[in-house]
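The following questions and answers concern the protein shown below. Each answer works from the structure towards the value or name requested.

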Amino acid sequence: MGKKRAREEAASIPAAENRDGDRMDEDEEESDDDEHFHTLQIEFEWFNFAPDIDFHGTKSLLRQLFDVDASLFDTSALADLILSQPTIGSAVKVDGKENDPYAILTVLNTHEHRANESMKKMMAYLAEKARANDSLAAIDEVIKARAQVGLILSERLINVPSEISAPMYSMLIDEMEAAVEDKEPYEFSHYLIMSRAFHEIESTLDADDRKPKKAREERVTQFFHPEDEIFHKHALAYGNFVYTKEGDVVSDSKRAFQEVGIQTIGHMMLVEGSKFEGAVKEINALFKPQQPQQ
């Protein structure tokens, strides 16, 4: 494998507002309503995947990505497959390489790994979900055609800012280009991006204050990864699907606000290889990381 981009340089991206007294900046000022809001600057660092360090962190984020259906797959074998190509993709960390990743992004060649049992199960699952939604029909067709499809797996901890996605995808493109120059199989006709979204739903805990039936039925899809909406503009197909094991979870256990719970749903996007770089450029334009103030 040819030499890849060095990842030791840290990028500073503002994290979410933090109220933890042990981690606050002492110089922050009080707001007019006497509440203390503080912005914590965190140095995110991009690393190649390290098989001897990142197994458990990668597996944990995969389980988060596949939500209740994670038990349908061998996430350990899938994590091993990701770690077997350490110079493709990113493990984003805080405070050094030895820690677990806060975010991961990689691409797997579904044709190259078609004999791998974890990949077989994954592609059978995605094809089944695509057949259940007309808007995802093109995905089923591409899978059946055994095209050169790059399966993109991207996940991050909930409070990690969306700005982190821009450099992750840019690095991935650079790494794939270098790998192709080295005669490695990272030239794809399509990219299949696995993601997840959610609907806010009326909580059963508020049964005495139910909304009208029509309002309850009007569910708007919201995204854990805001960059998904950019991929939609460049996608050949995209859409939601219901998890196979959805009935095993109670929505109130994922309650986001006092008035509502959330129903997590799977989400897939299919982008033609020729349009992927354009989508990444738009993600970079919209989610460009802010530079730390001097």
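Q: Which residues of α2 are buried?
A: The model is a predicted one. Helix α2 has its buried residues covered by elements that include α1 (55-66), β4 (103-109), α3 and β5 (149-156). The buried residues of α2 are Thr75, Leu78, Ala79, Leu81, Ile82 and Leu83.

Q: Is threonine 75 buried or exposed?
A: Threonine 75 belongs to helix α2, which spans residues 75-83. Leaving aside residues up to four places away in sequence, Threonine 75 touches Lys59, Leu62, Arg63 and Ala70. A residue counts as buried under 20% relative accessible area. With a relative accessible area of 4%, Threonine 75 is therefore buried.

Q: What is the relation between the directions of α2 and α3, roughly parallel, roughly antiparallel, roughly perpendicular or oblique?
A: The axes of α2 and α3 come within 9 Å and cross at roughly 110°. Angles of 65 to 115 degrees count as roughly perpendicular. Helix α2 is therefore, relative to α3, roughly perpendicular.

Q: How many nonpolar, polar and charged residues has the contact of α2 with α3?
A: On the α2 side the contact is made by Ala77, Leu78 and Leu81, and on the α3 side by Ser118, Met119 and Met122. By class, the contact of α2 with α3 has no charged residues, one polar and five nonpolar.

Q: Is α5 roughly parallel or roughly antiparallel to α8?
A: Helix α5 (residues 165-181) and helix α8 (residues 273-286) have axes 8 Å apart and pack at an angle of about 150°. Angles over 145 degrees count as roughly antiparallel. The orientation of α5 to α8 is therefore roughly antiparallel.

Q: How many charged residues are in the contact of α5 with α8?
A: The crossing of these helices, α5 and α8, is left-handed. Residues of α5 including Tyr169, Ile173 and Glu177 take part, and they meet Phe276, Glu277, Val280, Ile283 and Asn284 in α8. By class, the contact of α5 with α8 has eight nonpolar residues and three polar, while the number charged is two.

Q: Is aspartate 67 buried or exposed?
A: Aspartate 67 sits in the loop between α1 and α2. Its phi is positive, about 50°, although Aspartate 67 is not a glycine. Most residues other than glycine have a negative phi. As its relative accessible area is 17%, Aspartate 67 is buried.

Q: What is the relative accessible area of arginine 146?
A: Arginine 146 is found in the loop between α4 (137-144) and β5. Phi of arginine 146 is also positive, near 55°. Arginine 146 is exposed, with a relative accessible area of 64%.

Methods: Residues numbered from 1 in each chain as written. Predicted model: local features only at pLDDT ≥ 70, side-chain atom pairs only at ≥ 80, totals over all residues. Heavy atoms only, no water. Helix = DSSP H or I, 4+ residues; strand = E, 2+ residues; numbered from the N terminus. Buried < 20%, exposed > 50% of the residue type's maximum accessible area, 1.4 Å probe, protein only. Contact = heavy atoms within 4.5 Å. Axes fitted to C-alpha atoms, helices over the stretch in contact; angles between N-to-C directions. Parallel < 35°, antiparallel > 145°, perpendicular 65-115°, else oblique. Left-handed = near helix turned anticlockwise from the far one by under 90°. Nonpolar A, V, L, I, M, F, W, Y, C, P; charged D, E, K, R; others polar.
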